[in-house]
Amino acid sequence: MKKLLLSLVLVGFALGAKAQPAADNTFFWSLNAGVNFYQHSGESQLGLPSGGLYFGRWLMKPLAFRLGFDVSMAPSHLQTDGSTNSLFLFGSAEFMWDINATFFHVYNKNFLCPVPFYPLIGLGVVYRPEQKVGDVTHGADHDFQAMLGLHAPFRIGPKWDAFLEYKCFFLPQSFDGSYGDNFMHNITLGLTHRMSDNPYHRRTEFESRSTSEDWFVGFGLGASFSSFEFEYIGNLDARLWNITPEIMLGRNYSNVWTIRFELSGFFARHRAHMVAKPNEAGTEMVEELVPGTWYTFNMLHTDFMVNLTHLFNFRRGVKWNFLPYFGAGPIWNYEAKPVFTVAADAGIMARRFIDNMGDFYVDLKYIMAPPRVAGETGPSGSIFGVGYPMLTIGYLHNFGHSTTRYRMPVNSTVY
């Protein structure tokens, strides 16, 4: 998870340095404070204070990236009487979407029109320090979390915005000793300082100009491995290899940035175990590998993709594009006792131009899932060791004009 979060930082800022010229001054920072509402195990409590500090940059006109550091004081599930508050710390890599810049004409007004808010999506970690309840000391707890929210700014000066923000952190089902669905809701007021007095001066070169252009759908098929720290990856008797289909919908927002929604998964197996069994003669016990039972699951993830081929310079006539990406989203299985939680994914897709309407692609990804989805942890017991590496091949169908992924060489009339 630390490596994944580091990747988010590098992609958002190092690559963002290319996406915007330095003169655009698209950096900003924010701070806020407010209250929280903690839901867990069928209970809910109001807590305060909550607050946050954020550092961000507009990568292109409709999309901003920011690093968020949030803190909340709320009654822990382990504090049955709710008499005192515990500290909850959140670190997130977040994206902020300007709907008006995507679908409407925008103006340098105080109030966002016609949609007065920015949707937020984020991925990160949550930490609750060690705490003592009566004579019992509970150890620190940490896990990863996903976030959805809304950010509503109001311009109060040439470089200052006031804002109201709502964030919902989706926490693992067993975090903080609880059970069932866990959510931390933060409602805050804050201030943002922008480095430019024009909040809409963000458009980049080779950015999609029309909301009807640069959309695509994709269909793929391949193999996945039910990984418990890659145990038995070369042993076919464990039956951890499965067929995996996928379907996606996305848009190339510029020659660098692509966002897609993908449904992955479908088939997996629980962990295989070595079990002692009597031999055929019944004279001694021998170790035998017993496969885990199979189950079905899905993950619906949002992926933020960076086109390395055109990262530093858009080149005409280039048919191969390589797009590393990362994302997050809900994951669930279909067993007798279903599990619904959040997971993270990262990978790289190689896309090959066929014609104006289609691309061939190869996609290598790794989905990191909470152990409760797969039933248990791997050999070390790490909560970060369970996942699904996948290799798929497929076809992308592009709708309408596709101005950001490929342009014919100058003076060329054939592909």
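Biologist: Where is the place of Thr293 in the protein?
Modeller: Bear in mind that we're looking at a predicted model. Strand β16 covers 285-290 and strand β17 covers 294-306. Thr293 has its place in the loop between β16 and β17.

Biologist: Is Thr293 buried or exposed?
Modeller: The cut-off for exposed is over 50% relative accessible area. Thr293 has a relative accessible area of 53%, so the residue counts as exposed.

Biologist: Which residues is Thr293 in contact with, leaving aside its neighbours within four places in sequence?
Modeller: Let's look along the chain and across it. Leu240 is 53 residues apart from Thr293, with 9.8 Å separating their C-alpha atoms. The residues in contact with Thr293, sequence neighbours within four places left aside, are Ala268, Arg269 and His270.

Biologist: Then which residue's backbone oxygen lies 3.2 Å from a polar atom of the Arg269 side chain?
Modeller: With neighbours within four places left aside, the contacts of Arg269 include Phe228, Trp294 and Tyr295. Ala238, Arg239 and Leu240 are also among them. The backbone oxygen at 3.2 Å from a polar atom of the Arg269 side chain belongs to Arg239.

Biologist: What is phi of Arg239 near?
Modeller: Arg239 lies in the loop between β12 (227-228) and β13. In general, most residues other than glycine have a negative phi. Arg239 has a positive value, near 55°.

Biologist: Where is the place of Asp214, another residue to check for phi?
Modeller: Asp214 isn't a glycine, yet its phi is positive, about 70°. With 0% relative accessibility, Asp214 counts as buried. Its place is in the loop between β10 and β11 (215-225).

Biologist: On to peptide bonds: what is the bond from Leu48 to Pro49, cis or trans?
Modeller: Most peptide bonds are trans. Pro49 is found in strand β2, residues 43-60. For the bond from Leu48 to Pro49, omega is near 0°, and that bond is cis.

Biologist: And where is Pro114 found?
Modeller: The peptide bond from Cys113 to Pro114 is cis, with omega near 0°. Helix α3 spans 99-103 and strand β5 spans 118-128. Pro114 is found in the loop between α3 and β5.

Biologist: How many salt bridges does a search of the whole structure find?
Modeller: One of them pairs the side chains of Asp161 and Arg194, 3.1 Å from N to O. Asp161 is in strand β9 (160-171) and Arg194 in strand β10 (182-194), so this pair ties together parts 33 residues apart in sequence. The whole-structure search gives 16 salt bridges.

Biologist: How many residues apart in sequence are the parts that Lys365 and Glu246 tie together?
Modeller: The two side chains meet in a salt bridge at 2.9 Å, N to O. Lys365 counts as buried at 2% relative accessibility, and Glu246 counts as buried at 5%. Lys365 lies in strand β20 and Glu246 in strand β13 (241-252), so the parts they tie together are apart by 119 residues.

Biologist: Which residues are linked with Glu246 and Lys365 in a network of salt bridges?
Modeller: The Lys365 and Glu246 side chains meet in a salt bridge. Both residues belong to a network.

Biologist: Which strand gives the largest share of the nonpolar patch?
Modeller: The surface patch includes Leu308, Trp320, Met357 and Tyr395, and the patch as a whole has about 990 Å² of accessible area. Elements giving two or more residues are β18 (320-333), β20 (358-368) and β21 (386-399). With three residues, the largest share comes from β21.

Methods: Residues are numbered from 1 along each chain as its sequence is written. This is a predicted model: local features need pLDDT of at least 70, side-chain atom pairs count only at pLDDT 80 or more; totals for chains, interfaces and linings use all residues. Side-chain values use heavy atoms; hydrogens and water are left out. A polar contact is a pair of N or O atoms within 3.5 Å; within protein, one must be able to donate a hydrogen and the other to accept it, and residues adjacent in sequence count only if both atoms are side-chain atoms. Contact means heavy atoms within 4.5 Å. Patches are made of residues with over 30% relative accessible area and no salt bridge: like charges are joined within 9 Å, nonpolar side chains (Val, Leu, Ile, Met, Phe, Trp, Tyr) within 5 Å. Accessible areas come from the Shrake-Rupley method with a 1.4 Å probe; for residues, only the protein chains shown count as cover. A salt bridge is a side-chain nitrogen of Lys or Arg within 4 Å of a carboxyl oxygen of Asp or Glu. Helices (H or I, at least four residues) and strands (E, at least two) are DSSP runs, numbered from the N terminus. Buried means under 20% relative accessible area, exposed over 50%, partly exposed in between (1.4 Å probe, protein chains only).
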